[in-house]
Amino acid sequence: MGDTVMGGGKKPGEVFLTGKDLCREFGTGKNKTVAVNKVNFAFRRGEIISIVGESGSGKTTLAKMVLGLLSPTAGEIIFEGKKRDISSQSKRRLYWQNIQAIFQDPFSTYNIFNKVDEVLMDCIRLQNGRLQGGGALSKKEKFERMKDACRFVNLKFEELSNKYPFELSGGQMQRLMIARIFMLKPKLLIADEPTSMIDACSRATILDMLLKLRDEVDMTIVFITHDIGLAYYISDTVYIMEHGVIVEQGTADEAILHPKSDYTKRLLGDVPKIYEPWDFTKAG
Ligand SMILES: Nc1ncnc2c1ncn2[C@@H]1O[C@H](COP(=O)(O)OP(=O)(O)O)[C@@H](O)[C@H]1O
Ligand SMILES: [Mg+2]
């Protein structure tokens, strides 16, 4: 179902990022929290993956380890067949050309004194650094790229270029973040509850844009959410997380229509009946 709902998107490709027994603890002694406990995953190219769990289940901690913003206390991450090495600033920068994130609060990610055109110009700089010997773009070409990225997310570059982030709405700001991702074209995008702070109307738009990114740029997207219905709607693969542990994983169909764990069943129990019509397999 996960596949058919997507409207015939491309089939996911080979595995390029895996986590092996990843753990992350915070604190010591009786203040110790095991935020992530022996988590294993395998992400494929062009795949949409959801990580679903209630608040405090360890989703953001896992995302930050994948991003290289937090180091695991045990376990390892294999990127493109090799143990990930982000031990120096230059290695980290190289890794971040491949893996980018959009967070819940788009305003927290960005320097609020950077105007919209500077945010986008930064992406061109990052991108150009990547194109060895590709030569400098003309001013006109740079503007074309920025306009193109704005068009992708239905923003008008001319109206926004001179504004500061705090002059934008939450939905506009999140779309700007997607425009950034469109320009940077990382192999993996981690979207950590990207729609939880914006209104319902913008929410649907943001989701559509993420799906469009996957289809047009062939990106792998890890979508983090507490909404299991939403996860079912957008994903190929679903991981369900409870207290730092993956308690269920599989295709959207396997994990959500035929759950094995009691935790998944309980999460589904909280979802309005609106999702039931998707379940053609149950009839009879
Ligand atoms: N920097 C930190 N220091 C101490 N505890 C933390 C820290 N970050 C997260 N935690 C704890 O780890 C657990 C998982 O948190 P988090 O990964 O943010 O969950 P989620 O994103 O699913 O809401 C929670 O119990 C949280 O309090
Ligand atoms: Mg979180």
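## Nonpolar core

The largest nonpolar core holds 65 residues. Those with the most contacts inside it are Ile178, Ala179, Leu189, Leu213, Ile221 and Val222. Helix H8, spanning residues 170–184, contributes most to this core, with nine residues. Two domains supply at least three residues each: domain 1 (2–98 + 187–278) and domain 2 (112–185). The model is a predicted one.

Ala179 is one of the residues with the most contacts in the core. Leaving aside residues up to four places away in sequence, Ala179 touches Leu120, Ala149, Cys150, Phe152, Val153 and Leu155. In soluble globular proteins, nonpolar side chains tend to be buried together.

## Strands E1, E4 and E5

E4 (residues 74–79) pairs with two strands. Strand E1 (residues 15–26) runs antiparallel to E4, over five bridges. Strand E5 (residues 82–83) also pairs with E4 in the antiparallel sense, over two bridges.

Phe79 links to both partners. Leu17 stands opposite Phe79 of E4. In E5, Lys82 is the bridge partner of Phe79. The hairpin of E4 and E5 has two residues between the strands. There, Glu80 takes a positive phi near 50 degrees.

How values were computed
Residues numbered from 1 in each chain as written. Chains lettered and ligands numbered in written order. Predicted model: local features only at pLDDT ≥ 70, side-chain atom pairs only at ≥ 80, totals over all residues. Core = buried A, V, L, I, M, F, W, Y, C linked by C-beta atoms within 7 Å. Buried ≥ 20, exposed ≤ 12 C-beta atoms within 10 Å, placed from the backbone. Helix = DSSP H or I, 4+ residues; strand = E, 2+ residues; numbered from the N terminus. Domains from an automatic or database assignment. Contact = placed C-beta atoms within 7 Å. Pairing = 2+ DSSP bridges.
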